[in-house]
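Morning, everyone. Let's take a quick look at one model together. Please have the picture open.

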Amino acid sequence: MHKTRLQILICGGTGCISSGCLEVEDALVAALEKHGIRDEATILKVGCFGFCEQGPIVKIYPDNTFYVRVEAKDCEELVTEHLLKGKHVDRLLFKSPITGELCHHHMDMAFYKTQLRIALMHCGMVDPENIEDYFGVGGYEALAIALNDMTQQEIIDTVKASGLRGRGGAGFPTGNKWQFGLDNKSDKKYIICNADEGDPGAFMDRSIMEGDPHAVLEAMAIAGRAIGADEGVVYIRAEYPLAVNRLNTAIAQAKKYGMLGENIMGSGFNFDVHVHLGAGAFVCGEETALINSLEGQRGEPRLRPPFPAQKGYWQQPTVNCNVETYACIPLILTKGPDWFKQFGTEKSPGTKVFALAGKINNVGLIEVPMGTTLREIIYEIGGGIPNGKKFKAIQTGGPSGGCISEKDLDVGVDFDTLTAIGSMMGSGGMIVMDEDDCMVNIAKFYLEFTVEESCGKCTPCRIGNTRMYEILDRISKGLGKPEDLVELKELGQIIKDSSLCGLGNTAPNPVLSTLEHFMDEYEAHVLHKKCPAGACKDLVEYKITEKCIACGICAKVCPVDCIHPTGEETKNGKKKYVIDQDACIKCGACLPKCPPKIGAIIVE
Amino acid sequence: MEKNEKALFAELDSYIDSLPSKQGALISVLHKAQDIFGFIPKEVQAHVADKLDIPASKVYGVLTFYSFFTMTKKGDNRVNVCMGTACFVRGADKILEKFERDLNMKANTTREDGLWSVDGLRCIGACGLAPIITVNGKSYGRLVVDDVPGIIEETLAAKEAK
C-alpha cells in the first residue's frame, strides 16, 4: 500500500487525540524533516489500537514496534535512535507490570494475547480517511460478491448461517431481521445504522466508525442489496464529531469510487448513504424512538407491531442494525459463515467488542471471542485492579445492565449467560468497580441517568423510576427504612414488566442486581446508617485521630475553614486539629493532604 | 448588533432553503441554528417554526426533548466535565464540585457575569483518560482535584493573551 521504507502508524482515535497524538504527529514530521528522511517514511493516522490507557500509541513498521505514551518531546529520540540507528527506545516500550519485561510487539502483551479482532480487524491498520487503504485489505470485495455472485436470499441465508446476533444489546438474529426486511414488499425501503451509542462509558461503535468507516458503509450497502433498499441513514451522536467527519469523508470517497451511488460496480444496484446527527437522547438507541427522531420528532418509542421491518422510517420497511453488527458482515461474506462460527459459543458465535473502563489497569477497547470469562477479561487483558485495591463488581450493559459480583466471574460472556446472572450484554460497556465504590451510590448514579433520559411516554418508567430514585436517595442519606428494600424490588419488577420500550424494561436492572448481590451494603445503609465504602457523603464523617502532629496542612486546604487547632496538646506543645462536623461539607480535600506516614485523618 | 443578528438569521434561512425537503428536517435545522447563534432563544424558535411551517409548540417540544440543545447563552469559558460511568467511578463528581466551589457557581448553569459555564456532560468516550474534562474544547485527562485551580488560571490567561 505504502511504498516508503518506513511506516509510522499513530493512533488517531478520540482517546489518543485527547492525550495529544496530533502534537506527536507534528513533532514526528518536524524531526523527520530535520534529519532529511521525511520522504522515507509514511505517517498514517489510523483507528484505535485499543490500548487507550497507554495512549498516544505509535507503531513503527516494518519491525512492528509498539511505543506507548509517546509525547511530542520524544519524537526526536524516536527518529534518531529507532529510525536512523535501528535501536529500540526502551523507555517508550510497554513494560509488563507483572514480569517487568519490555514488550516490543503488541502480541507480547497480556492485553492483546487473548484478543481476537473481527469487527475491529482493520482498526489501527488502515488509514480511515483513505479508501484505497481499505481496498488494500480487501475492502468492498464482499459488496462485489453480494452484487455479482449472490441472490438476495443467498445473502440473507449466509448471514443467518453465521449465527450473527445484533451487537447493539438485544442479540436478535441479524439474518432473521433482514429476512423480514426482504419479505415485506414495498417500492421504497431503508437501511439504518444505529450509531447512537449513549451508554456512559462505552466507545465501541465510535472507535469502529473512527477507525474503519468503510466497513460500516460496505455492510450497509450489502444489507440494502439483500432487502432491496436504495437508501441508508447513519444515526450518530452529535457528541462524536471525529466519527461524523470520518464517515462523511468515507461516504464522499465511496461515491467517487463508485462504491456508493448509482449503478454500483455496474450491477444496476443503487445505494446512497447519508449521516443524521442525534441530539443527545439516550432513548433514541431504541429503534422506534430513533426512527421518530430521524423524522424530526421527539424521540419517543412507537408501539410494536408494526415492527420497523414492516413499517419503519416514513412508514416503509426498514432494517436497523448496530455499527458493530455491520462491521462483522463483510468478513462473513468473504470468509464464509463457518469461519465466523468457529469463534465464540454455539448460541452466540463470533466475537464481541467491549469498552473496558473504570477501576482497571488496562483501560481500553478490547475484542474477545464470545465465551471468554469475565475473570480473563479483568485479570489477564485488563491487568487487574489498580493500586492494590480489591475487586468489588463489574457492571455490564450500562444503565440497562447490572452489577456482577466476584462469584460470577467465571461465567463465559455471551448474550444468554449475562442475562441469566441478572445483567445483560448491552452494547458492550464494562465498568470495573473496586472496594471504594458504594453499590447503593452506583445504583443511584445509573437510575439518575435513566430518570433524566426517560422520554416520559409511559407511566411506569416516568413515575416508577423517579420513585425508585427517591427511595435510593433516601437510603444514601441514612433515612432509609427496612421496608424500602422490599418496595424497591417490587417497584423494579413492575417497571420491568409494564414499560413499553427497552429503556423502561431494563432501567431497574442496576438496582435489582445490586440488591441481589450486595444486599449487605444496602442493609448497612438502612439498618446501621453506614456507608461501608465511604462514598455516601451523608453517612461518613472525616475525623482526625490522636496521631495528629498539628502540622496544620489539612486546615490550609479546607475550603470551608472548618479545621481548627482546638484539641489536646501534642508532645511539642501545639494543639491538635479538630474537624467541626457541623461545618464540614465532606469534600475529602483534607484526606490526601495528611502525610501518609502520619495518616491521622480517617473516614468513618 | 442589530445588523449582526440579521446576518445570522439570513445564514439560517439560506440553510433551510437549501434543504431538499423540509419534511423531517427540524432536528437538522435546530443543529444549524445552535451552530449559528450558540443557543436557541425564543425568537429563533419562532423563526424556525415559521420557516418550516410547523407550530412553535412543536419546535419547543423537540428542542427541550434533546439535551444537546440549549435555550440559554453559554459563558465565555465553557467547562464540560464528563460524567460517564468510567469518569464517575474515578471521581468526576469531585472535580465538578471543585469547579463549583472555585468559580462560586452551580453546575449546569452559566455564571451571572457570563464568564463561565460549567456542565456535567454525557460520556465523551475517552475513558482511558478518566476523569476527563474539556475547557473551551481543550481536553484535560487523568485529573485530580488539585489540578482544577491551575486549569482555571490557564484558561483565564489564555483568554487574556488573545
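Start with a definition: two strands pair if DSSP finds at least two bridges between them. Strands (E, at least two residues) and helices (H or I, at least four) are DSSP runs, numbered from the N terminus.

Now some ground rules. This is a predicted model, where local features need pLDDT of at least 70, side-chain atom pairs count only at pLDDT 80 or more, and totals for chains, interfaces and linings use all residues. Residues count from 1 along each chain as its sequence is written, while chains are lettered from A and ligands numbered from 1 in the order in which they are written.

On to chain A. Four strands form an open sheet, ordered E9-E8-E7-E10, with parallel pairing. Which strands sit at the edges? They are E9 (272-277) and E10 (318-322) of chain A, each pairing on one side only. From one strand to the next, the twist averages 20°. E8(A), residues 231-236, runs parallel to E9(A), joined by six bridges. Gly232(A) stands opposite Val273(A) in E9(A).

Next, the helices. H13(A) lies across E7 (190-195) and E10 of chain A, at about 95° to E10(A). Axes here are lines fitted to C-alpha atoms, for helices over the stretch in contact, and angles run from 0 to 180 degrees between N-to-C directions.

H9 (204-211) and H13 (323-335) of chain A pack at about 45°, axes 9 Å apart. That makes H9(A) oblique to H13(A); angles under 35 degrees count as roughly parallel, over 145 as roughly antiparallel, 65 to 115 as roughly perpendicular, and the rest as oblique.

Methods:
Contact = placed C-beta atoms within 7 Å.
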